[in-house]
Amino acid sequence: MLKAIFAGLAGNEYTLDGAKNCYADNGDAYHYEFWLAGKDATEKLNNFLIANNGVKYGDPIKITYTATLTWGAAKSTANDKTPASRKTAEELNLAYKTGTDTGLRYDSITVEKIPNMSDDMIRGVDISSYQSLINAGVKFYDFNGQEANLFKMLKDAGVNWIRLRLWNDPYNAEGFGYGGGNNDEESLVKMASEASQYGMKILVDFHYSDFWADPAKQPLPKAWKNLSSADLTKEISLYTSKVLNDLKQAGADVEMVQVGNEVTNGAFGIWTDRDHGENWATIWESDQGNQVAKYLGTASGAVRSVLPNAKIAIQLETPNISKYRSIMTVLKNNNVEYDYLGTSYYPFWSTHDGNSWYDNVDLGYGASTPINLEAIEKMAWRKFGKKTVVLETGWINNVNDADGTGNSISANDEIQAYSHDPQGQVNAIEDMYKALVAQGGVGGFLIKLVGKIGTIIRKCLMYMEPVGHQRMQLVMLQIQ
């Protein structure tokens, strides 16, 4: 973790320029440049690790810089409104390395109105790491540069739903968090209650795991690992009921509950090893699929008992007609009660997947395309009576590396569904919403909107600049 933090520090490969000018007696300007202490990259890293030896989660991090006096005026970035599209590759790279203004907020974009999009359609964001950031001392600022409440800013920008994930016990034996937001119940209740004060509707995303549950893994919580099937069923019901009752008592407006997270390859400790030749069919075309369905049914039953009016969603990923239909058939055969088919929708993954035909339409290639999304919506409604909600989506506004951990997509990748800039994000989100509107979908949630917030709204566009990975932004769509 310390090495990952170090990789994102300014003053390693590139200098961190001081913004303040000093002046000699003759009036010549000079300023200071700051470098991490050490004669080379290896020594800088070692110094950083030694200075923070034994540091625990929540402790302050020690960073030692050296200052070099440099003749000439400091480069002022406070009033630099050069759009990213007009900056050189070297200037952009430097901005991402040093944390200075990238200019993305000044790039112009065009947002078209989406016909027939209703006011109550879900325009949601997932900000599950918010409480962890607040605990770490992160502050949020409005479009005038004044410290402000994140939920108020989101509400003012048009967001009407918040998605919040939940992990059972995201801490190790020493009490240190696994990271990723440390989304325990206490954090969930705080975020959900605060969001509700600003009129936000809440979607609770139960992972039924101590950390990420996703297509690659679905591990049981530590406390549930040695339970029999009967006892696990009881725990699923008791845990779900307890959390929802606690949220209810706290005044949180929970109007949707997601039982399981991306359960395409299994859930509740039963999952396929997709990295070694197995796939969704290994689970869902066997008795294991029936067992997973029974556990999901237990979870949804607990939701109904506590929040009878809340919608229940079951989330799959990598949209495909045959796969989704097969899994939903198992759910139906096991009488699993739910309202919405939830899906992930990432245009930069699974681009070579063939989708065959549906409703006399060639669906072409690429799992997360508007035409394939529409087909999924049609199938889910016609065959199962379920409307569709996009529970996770996102596109990038650049291909620069903001934290040294690598990105999901690069400038040289074959994946070119949309341009790698703010306009590309607008186009991606507009296409998704048009597909949802066309087939009666209920809306969508953008994911991983955390960290520094840009300072302007431009034509219904609000930039959200995360601390890690590629920058994402929230696109507020105009309603006609």
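Before I begin, a word on terms: when I speak of a helix I mean a DSSP run of H or I covering at least four residues, and the helices are numbered from the N terminus. With that settled, please keep in mind that what we are looking at is a predicted model.

Let me start with Ile5, which lies in helix α1, spanning residues 2-7. Is Ile5 buried, exposed or partly exposed? Its relative accessible area is 32%, so Ile5 is partly exposed, and it belongs to a nonpolar patch on the surface that also includes Met1, Ile61, Ile63 and Tyr65, with about 450 Å² of accessible area together.

Next, I would like to turn to Asp210, which sits in the loop between β7 (201-206) and α7 (229-249). Asp210 counts as buried because its relative accessible area is 6%, and buried here means under 20%.

Finally, consider Trp357, found in strand β13, which covers residues 357-358. Trp357 has a relative accessibility of 55%, and therefore counts as exposed. Not counting residues up to four places away in sequence, Trp357 touches Asp362 and Leu363. As for Thr329, it is 28 residues from Trp357 in sequence, and the two are 19 Å apart in space, taken from C-alpha to C-alpha.

Definitions and conventions:
Residues are numbered from 1 along each chain as its sequence is written. This is a predicted model: local features need pLDDT of at least 70, side-chain atom pairs count only at pLDDT 80 or more; totals for chains, interfaces and linings use all residues. Side-chain values use heavy atoms; hydrogens and water are left out. Patches are made of residues with over 30% relative accessible area and no salt bridge: like charges are joined within 9 Å, nonpolar side chains (Val, Leu, Ile, Met, Phe, Trp, Tyr) within 5 Å. Accessible areas come from the Shrake-Rupley method with a 1.4 Å probe; for residues, only the protein chains shown count as cover. A salt bridge is a side-chain nitrogen of Lys or Arg within 4 Å of a carboxyl oxygen of Asp or Glu. Helices (H or I, at least four residues) and strands (E, at least two) are DSSP runs, numbered from the N terminus. Buried means under 20% relative accessible area, exposed over 50%, partly exposed in between (1.4 Å probe, protein chains only). Contact means heavy atoms within 4.5 Å.
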